[in-house]
Amino acid sequence: MPQYETKRRIRHSATNMFELVADIERYPEFVPLCEKLVITSRETDGTEANNENIVATMTVAYKMFRESFTSRVELDRENQIIRVKYLDGPFSFLENRWAFNASGETSCEIDFKISYEFRSKMLGTLMGAVFDRAFRKFAAAFETRADKIYGKPSVANNASPDSGKG
């Protein structure tokens, strides 16, 4: 089963990065391959942490390829973890997790993991390499978005490069 994992030190706070990744409505603006995202339900747990469960359908597109899939996004603000669990679409399995660990007031380490398998072997063969390249660009896309939203950090707080494993 294809999977990708990366850890990156980012020059933005863990809270800011969590909220940026949690803002899934904005994904079509900057996430690779994401053409459209529609939220079908949103529930808050009512605690002080304000954790949420969101069901959303994302449409991904690449050249002539266009597929939609539905996932449940669990926002655990207290622990600063986002879990995505596959519900329906072209995959037989899809799961990813973001964890945000503070490494100072203005920096954090992001741990991103994704595992997936297409239901159709042919679709997996056709799209596997494209998805792998897109996942490798995800963390950088979110870091670029953070720089745009929160401002580009100073060079004095320079972060370490990506340590992705494929």
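**Note on the core and sheet of a predicted model**

1. In this predicted model, the largest nonpolar core contains 46 residues. Met-17, Tyr-27, Ile-82, Phe-100, Phe-131 and Phe-142 are the residues with the most contacts inside that core. Helix 2, residues 121-150, supplies the largest share of the core, with 10 residues.

2. Leaving aside residues up to four places away in sequence, Phe-142 touches Met-17, Leu-20, Val-21, Tyr-27, Phe-30, Val-31 and Trp-98. Two of these partners, Met-17 and Tyr-27, are also listed among the residues with the most contacts inside the core.

3. The seven strands form an open sheet with antiparallel pairing, in the order 1-7-6-5-4-3-2. Strand 1 (3-10) and strand 2 (34-44) each have a single partner strand and stand at the edges, so one side of each is left without a neighbour in the sheet. On average, and with direction ignored, neighbouring strands of the sheet are turned by 15° against each other.

4. Within the sheet, strand 5 (residues 81-88) and strand 6 (residues 91-102) run antiparallel and are joined by five bridges. Lys-85 has Glu-95 in strand 6 as its bridge partner.

5. Helix 1 (residues 14-22) packs on the sheet, where it touches strand 1, strand 4 (65-76), strand 5, strand 6 and strand 7 (108-118). The direction of helix 1 makes about 155° with that of strand 6.

6. Helix 2 also packs on the sheet, touching strand 1, strand 3 (52-62), strand 4, strand 6 and strand 7. The direction of helix 2 makes about 165° with that of strand 7.

Terms used. Residues are numbered from 1 along each chain as its sequence is written. This is a predicted model: local features need pLDDT of at least 70, side-chain atom pairs count only at pLDDT 80 or more; totals for chains, interfaces and linings use all residues. Side-chain values use heavy atoms; hydrogens and water are left out. A nonpolar core is a set of buried Ala, Val, Leu, Ile, Met, Phe, Trp, Tyr and Cys residues joined through side-chain atoms within 4.5 Å. Buried means under 20% relative accessible area, exposed over 50%, partly exposed in between (1.4 Å probe, protein chains only). Helices (H or I, at least four residues) and strands (E, at least two) are DSSP runs, numbered from the N terminus. Contact means heavy atoms within 4.5 Å. Two strands pair if DSSP finds at least two bridges between them. Axes are lines fitted to C-alpha atoms, for helices over the stretch in contact, and angles run from 0 to 180 degrees between N-to-C directions.
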